Amino acid sequence: MRDPNIVRAAPDAADAGLVAWCHGAPGIGLALAASVDTLGDRHFEEEITTSVETTLPHGVGHNHCLCHGDLGNLDVVLQIADKCDRDDWRSAALAALGSAVASGRSTGWLCGMPEGIDTPGL
């Protein structure tokens, strides 16, 4: 049975996991992108691509939280896009960021906590 206190990236999918820089694809992608210079090759390019292609559709649009919501995930995608020189990822993240900011301004900022608890920090 699904625990209603766990914030999930895809609430309608019972087997969905958290997609956040603190847990899951965005954080994995960020770590792998940061390791490219150290390793001296593009060995993790496919995994980095998978992390971004998972984050954009599944890790955005649920709340505005820096830790496990739109703002944190989009920051990660922007960092990966810069590191990998991917204008397409940068454009997608900036468009989603504009939507997230517009949403926050129009309907209020969602912190991603159960029962709408307001937590303005991390």
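Leu-74 sits in helix H3, which covers residues 70-84, in what is a predicted model. With a relative accessible area of 0%, Leu-74 is buried. Leaving aside residues up to four places away in sequence, Leu-74 touches Leu-56, Val-60, Ala-93, Ala-96 and Leu-97. Of these partners, Leu-56 belongs to H2 and Ala-93 to H4, as the contact between those two helices shows. Gly-59 is 15 residues from Leu-74 in sequence, and the two C-alpha atoms lie 8.7 Å apart in space.

Stepping back to the whole chain, the secondary structure amounts to four helices and zero strands, so the order from the N terminus on reads simply α-α-α-α. Of the 122 residues in the protein, 36% are buried. As for how the chain comes together, take the contacts between residues at least 6 apart in sequence: 54% of them join residues at least 24 apart.

The crossing of H3 past H4 is left-handed. On the H3 side, the contact draws on Asp-70, Leu-71, Leu-74, Val-77, Leu-78, Ile-80, Ala-81, Asp-82 and Cys-84. Facing them from H4 are Trp-89, Arg-90, Ala-93, Leu-94, Ala-96, Leu-97 and Ala-100. Sorted by class, the residues of this contact come out as 13 nonpolar, no polar and three charged. Asp-70, Asp-82 and Arg-90 are the charged ones, going by the residue classes.

H4, which runs over residues 87-107, also packs against H2. Here the angle is about 20° and the axes are 11 Å apart. That makes H2 roughly parallel to H4, since an angle under 35 degrees falls in that class. H2 also passes H4 in a left-handed crossing. The contact is made by Ile-48, Thr-49, Val-52 and Leu-56 from H2, together with Trp-89, Ala-92 and Ala-93 from H4. By class, that gives six nonpolar residues, one polar residue and no charged ones.

Ser-51 is buried, its relative accessible area being 4%. Apart from residues up to four places away in sequence, Ser-51 touches Ala-25, Gly-29 and Ile-80.

Side chains of opposite charge can pair when their charged atoms come close. The count of salt bridges comes to three. In one of them, Asp-82 meets Arg-90 at 2.9 Å, N to O. Asp-87 and Arg-90 are three residues apart in helix H4, which means they are separated by about one helical turn. Asp-87 is exposed, with a relative accessible area of 52%. Taken together, Asp-82, Asp-87 and Arg-90 are linked in a network of salt bridges.

Another salt bridge joins Arg-86 to Asp-88, where the closest N and O atoms are 2.7 Å apart. Arg-86 is partly exposed, at a relative accessible area of 25%. Asp-88 is partly exposed too, with a value of 43%.

The loop between H3 and H4 has a backbone detail of its own. Most residues other than glycine have a negative phi. Asp-85, found in that loop, has a positive phi of about 55° although it is not a glycine. Asp-85 is also exposed, with a relative accessible area of 61%.

How values were computed
Residues are numbered from 1 along each chain as its sequence is written. This is a predicted model: local features need pLDDT of at least 70, side-chain atom pairs count only at pLDDT 80 or more; totals for chains, interfaces and linings use all residues. Side-chain values use heavy atoms; hydrogens and water are left out. Buried means under 20% relative accessible area, exposed over 50%, partly exposed in between (1.4 Å probe, protein chains only). Contact means heavy atoms within 4.5 Å. Axes are lines fitted to C-alpha atoms, for helices over the stretch in contact, and angles run from 0 to 180 degrees between N-to-C directions. Angles under 35 degrees count as roughly parallel, over 145 as roughly antiparallel, 65 to 115 as roughly perpendicular and the rest as oblique. A crossing is left-handed if the near helix is turned anticlockwise from the far one by less than a right angle, and right-handed if clockwise. A salt bridge is a side-chain nitrogen of Lys or Arg within 4 Å of a carboxyl oxygen of Asp or Glu.
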